[in-house]
Amino acid sequence: MLTLNPASRYRDDRPVPKIGLAIAGGGPLGAIYELGALQALNEGIDGLRLHQLDNYVGVSAGAFLATSLANQVTTSQMCRIFMGAPGAEFTFEPESFLRPALGEFMQRARNLPGALYALISEAVNHPSRLGRLESVGGLSRVLPTGIFDNDTIDEFISRVLDRPGRTNDFRKLETSLRIVAMDLDTGGAVRFGEPGTEDVPISRAVQASAALPGLYPPVRIKDRYYVDGALRRTLHASVALKEGVDLLIGINPLVPYDSALAPAAAHPMTESRMVQGGLPLVLSQTFRALIQSRMQIGIGKYATEYPKSSILLVEPNRSDERMFFTNMFSYSSRSELAEHAYRTTRAELLARAEDLEKFLAPYDMQPNREALSDERSLFASLRRESAYLAPLGNNLARSLDRLDRVLEEI
């Protein structure tokens, strides 16, 4: 589903427009959807180089992708890594992100004697309170703040960025990168990469932005604790709009499912499937509806607050059962989901080609109808770009890309 919001006024003081990309959260499956959609955009729009934009904003799972693109890792390279495709620069092991947080468990276990003593004292001194929940409230100090160890996120991102031509330092990037997390003590959004936070390693900022409460413990940075940035907003598009981008591309994988839009004969019992799916599906639908509502309000305000900026928003269709009924935290079907996202995004770009042509014209871009009409698969698309596994090859490819861009600006 494409949403096109053209600027009401265009800047005439810039020879080359500034392009930004905001990538939302959505768990592991959300990131896989985003990968497929990004690959479709990158090859389906002439003039668009997603790894050479002016501004990047990443939240939660989207922070992984924004960080890589800001370091000029192409969408094809990322797809190879996360899908385990031939020619991948790194071996991606999803299970490494699901290691128990043993340190957190041990730390909480130290509180057990004190909590039990308090419970016993309460029982002795106030036996009438035993049947109330408040009598066992002290045991909450024993519960871990997260199940899995998210230090592995920091380690993985550090390894990806520890290559010639890449950096783990916001200050050394050739572009603007903002990673959004939420300050646990204030509830406010913190944009790592802005002045005052630019000395935090990028990999650590990504770890903080992806610290989903319940799954991962809060991340401590400079005596503050941070959790998943999507808890504030899912896209944080205003971060790039405030920096004056002319065109902002947004990717959001989380939309509520609407059975009324699905084919009538596809699933006649779809409504009951939601309830039959139990608490996870009910919570997922509720969470997605809240996110969608907040995003629509935000997009409506942006048209007034940033009249010189256009917004292209890419989301799954609300009738897309594959996106909704797939477990958000499952890795096993990542190849199929990436392929699905790639094909559906390409189909949408082709169907909206005439509208896109008018929308993108002020930014020297246009839809590539020939490429979009080609019935290629995602894996076939990946084979069109060389893997460039060697650092020398990576640096040469980046240098040539930069030279192309400079020549275009002359």
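I find helix H2 (residues 61-70) and helix H7 (residues 202-209) roughly antiparallel to each other (over 145 degrees), since their axes come within 8 Å and cross at roughly 160°. Axes are lines fitted to C-alpha atoms, for helices over the stretch in contact, with angles from 0 to 180 degrees between N-to-C directions. Helices are DSSP runs (H or I, at least four residues), numbered from the N terminus.

The model is predicted, and local features need pLDDT of at least 70, side-chain atom pairs 80 or more, while totals for chains, interfaces and linings use all residues. Residues are numbered from 1 along each chain, and side-chain values use heavy atoms, without hydrogens and water.

I recorded the crossing of H2 and H7 as right-handed (the near helix is turned clockwise from the far one by less than a right angle). Ala63, Phe64 and Thr67 of H2 are in contact with Ile202, Val206 and Ser209 of H7 (heavy atoms within 4.5 Å). Four of these residues are nonpolar, two polar and none charged; Ala, Val, Leu, Ile, Met, Phe, Trp, Tyr, Cys and Pro count as nonpolar, Asp, Glu, Lys and Arg as charged, and the others, Gly among them, as polar.

I next looked up helix H6 (residues 151-161), whose axis comes within 8 Å of that of H7 and crosses at roughly 145°. This crossing is right-handed. The H6 side of the contact includes Asp151 and Leu161, and the H7 side includes Arg204 and Gln207. The contact residues comprise five nonpolar, three polar and three charged.

Arg80 is among the buried residues. Just after H3, Gly84 takes a positive phi of about 65°.

Conventions: Helix = DSSP H or I, 4+ residues; strand = E, 2+ residues; numbered from the N terminus. Parallel < 35°, antiparallel > 145°, perpendicular 65-115°, else oblique. Buried < 20%, exposed > 50% of the residue type's maximum accessible area, 1.4 Å probe, protein only.
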